[in-house]
Amino acid sequence: MMENLIQIHSVKKVLSHSGCPEDLLESYLQFLQTGGQQVQIVRGEVTMMFQKEMQYRKRRNEEMKGTVTFSNKDKHNARNSDMGVFIGMEFIQCCFNHGIPARVLNVRRVHGEVTEIVVEFGK
């Protein structure tokens with residue numbers, strides 16, 4: 001349990017530093033504490049995607065930088081409709097863990113809820 005709290009604290013620090021909106025950060029931390037298996041699946045997918053991107057850019061002698069948009073699926077057909085944005089949060093942490101700066105560049109809201117984030121990385 002203690003390890004979990006330390007992990008939550010470091011996640012919160014990274015994401016606050018990246019300019020993540022407070023309400024989104026809170027719902028994401030809630031997801032990390034209650035999402036269980038889903039959290040592991042998301043983490044695995046993002047890590048894989050991130051590493052493929054890094055390898056691709058290395059082969060082409062390109063820097064690991066750019067922007068990427070993460071959006072939620074619409075609420076009608078998704079159990080966890082925030083998943084798209086949460087994947088963005090994982091992506092930010094992946095960047096951070098690889099020494100690549102990342103920040104939330106833009107946030108789109110619908111009815112006060114975050115539906116999309118644009119993440120800038122490597123700049």
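The dialogue below treats helix packing, then the sheet, then aromatic pairs.

Modeller: A note on sources comes first: this is a predicted model, in which local features need pLDDT of at least 70, side-chain atom pairs count only at pLDDT 80 or more, and totals for chains, interfaces and linings use all residues. Residues are numbered from 1 along each chain as its sequence is written, and side-chain values use heavy atoms, with hydrogens and water left out.

Biologist: At what angle do helix 3 and helix 4 pack?

Modeller: Two packed helices are described by the angle between their axes and the distance between the axes. Axes are lines fitted to C-alpha atoms, for helices over the stretch in contact, and angles run from 0 to 180 degrees between N-to-C directions. Helices (H or I, at least four residues) and strands (E, at least two) are DSSP runs, numbered from the N terminus. Here helix 3 (residues 37-59) and helix 4 (residues 83-97) have axes 9 Å apart, at an angle of about 55°. Helix 3 is therefore oblique to helix 4; angles under 35 degrees count as roughly parallel, over 145 as roughly antiparallel, 65 to 115 as roughly perpendicular and the rest as oblique.

Biologist: Which residues of helix 3 and helix 4 make the contact?

Modeller: Contact means heavy atoms within 4.5 Å. Helix 3 contributes Gln38, Val42, Arg43, Val46, Thr47, Met49 and Phe50, and helix 4 contributes Met83, Ile87, Glu90, Phe91, Gln93, Cys94 and Cys95. By class, this contact of helix 3 with helix 4 has nine nonpolar, three polar and two charged residues, where Ala, Val, Leu, Ile, Met, Phe, Trp, Tyr, Cys and Pro count as nonpolar, Asp, Glu, Lys and Arg as charged, and the others, Gly among them, as polar.

Biologist: How do the axes of helix 2 cross those of helix 3 and helix 4?

Modeller: The axes of helix 2 and helix 3 cross at roughly 110° and come within 7 Å, so these two helices are roughly perpendicular to each other. In helix 2, Tyr28, Phe31 and Leu32 meet Gln38, Val39, Val42 and Arg43 of helix 3. With helix 4, helix 2 crosses at roughly 90°, the axes coming within 11 Å; this pair is therefore also roughly perpendicular. Among the contact residues are Leu24, Tyr28 and Phe31 of helix 2, with Phe86 and Met89 of helix 4.

Biologist: What is the strand order of the sheet?

Modeller: Strands of a sheet pair through backbone hydrogen bonds, either parallel or antiparallel. Two strands pair if DSSP finds at least two bridges between them. This open sheet of three strands has the order 1-3-2, with antiparallel pairing. Strand 1 (66-71) and strand 2 are the edge strands, each pairing on one side only. Strand 1 is joined to strand 3 by six bridges, with valine 68 opposite valine 119. Strand 2 (residues 102-110) pairs with strand 3 (residues 113-121) over eight bridges, and arginine 109 has valine 114 as its bridge partner. Strand 2 and strand 3 form a hairpin with two residues between them, and histidine 111 in the turn has a positive phi of about 50°. Helix 4 lies across strand 1, strand 2 and strand 3, at about 25° to strand 3.

Biologist: How many aromatic pairs are there?

Modeller: A pair of aromatic rings is described by the distance of the centres and the angle of the planes. Rings of Phe, Tyr and Trp (its six-membered ring) pair if their centres lie within 6.5 Å; planes under 30 degrees apart count as stacked, over 60 as edge-to-face and the rest as tilted. The count is six aromatic pairs. One of them, tyrosine 28 with phenylalanine 31, is tilted, at 6.4 Å centre to centre and 35° between the planes.
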